Amino acid sequence: MRLNVAGLVVGLMTLSGTRAMAQSDSARVVARMQSYAGFLKTGPVDSVAGSFASDGRLISPGMDPLIGPAGIRGFLTPLVAAFNVESCTMTAERVELYGSAAYEWGDYTQRAGPKGGQAADYHGRFVAELKREADGQWRIERLFMQPAPPGS
């Protein structure tokens with residue numbers, strides 16, 4: 001059996017480059033979700049909505065999906081006027097990459113309440129589907145937030 005050393009070296013370099021690119025994309029996906037969480041705390045609403053793809057969906061139990069940045073902005077604008085988010089974190093548990101699609105699973109925590117009122121703590125799980133768009137930016141295609149039951 002004859003070993004093609006040049007082919008092996010090129011193959012390893014390609015694999016190494018692909019792995020480095022995947023790690024870089026994985027970090028970008030995690031960063032996108034962390035910036036989304038930061039926008040929920042600091043605003044503005046346009047930044048939150050701009051985290052989503054043009055057909056992106058925000059999905060929560062008990063309500064219809066919010067579709068696209070305009071739908072998300074329309075839902076959040078009155079909430080931002082009435083509520084204060086003191087803190088919000090999204091912690092990645094797992095990220096999977098498939099070309100220009102990525103999936104992130106994790107946990108979220110949030111402390112929020114009515115402006116001038118008592119804040120409460122919320123937590124739960126999330127799964128996000130993101131896509132790398134033509135401009136190279138990762139944007140949220142679907143974000144499902146599953147709140148933990150009260151008292152858990």
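1. Q146 is partly exposed, with a relative accessible area of 35%; by the cut-offs used here, buried means under 20%, exposed over 50% and partly exposed in between (1.4 Å probe, protein chains only). Q146 lies in strand β6 (residues 138-147), where strands (E, at least two residues) and helices (H or I, at least four) are DSSP runs, numbered from the N terminus. Setting aside neighbours within four places in sequence, Q146 is in contact with P61, Y108, G124 and R125 (contact: heavy atoms within 4.5 Å). The C-alpha atoms of Q146 and I59 are 8.8 Å apart, and these residues are 87 apart in sequence.

2. On the basis of the work: this is a predicted model, in which local features need pLDDT of at least 70, side-chain atom pairs count only at pLDDT 80 or more, and totals for chains, interfaces and linings use all residues. Residues are numbered from 1 along each chain as its sequence is written, and side-chain values use heavy atoms, with hydrogens and water left out.

3. Searching the whole structure gives 3 aromatic pairs. Rings of Phe, Tyr and Trp (its six-membered ring) pair if their centres lie within 6.5 Å; planes under 30 degrees apart are stacked, over 60 edge-to-face, and the rest tilted. Y36 and F52 make an edge-to-face pair, with 5.7 Å between centres and 80 degrees between planes. This pair links distant parts of the chain, 16 residues apart: Y36 belongs to helix α1 (residues 5-42) and F52 to strand β1 (residues 52-59). Y36 counts as buried because its relative accessibility is 3%; F52 is likewise buried, at 2%.

4. Y98, Y103 and W105 are joined into a cluster by ring pairs.

5. Strand β3 (residues 83-98) pairs with strand β4 (residues 101-114) in the antiparallel sense over 14 bridges; pairing requires that DSSP find at least two bridges between two strands. T89 has T109 in β4 as its bridge partner. The hairpin of β3 and β4 has 2 residues between the strands, and there G99 takes a positive phi near 65 degrees.

6. F83, in β3, is partly exposed because its relative accessible area is 41%. A nonpolar surface patch is formed by M63, F75, L79 and F83, with about 310 Å² of accessible area together. Patch members have over 30% relative accessible area and no salt bridge; nonpolar side chains (Val, Leu, Ile, Met, Phe, Trp, Tyr) are joined within 5 Å, like charges within 9 Å. A salt bridge is a side-chain nitrogen of Lys or Arg within 4 Å of a carboxyl oxygen of Asp or Glu. Areas come from the Shrake-Rupley method with a 1.4 Å probe, and for residues only the protein chains shown count as cover.
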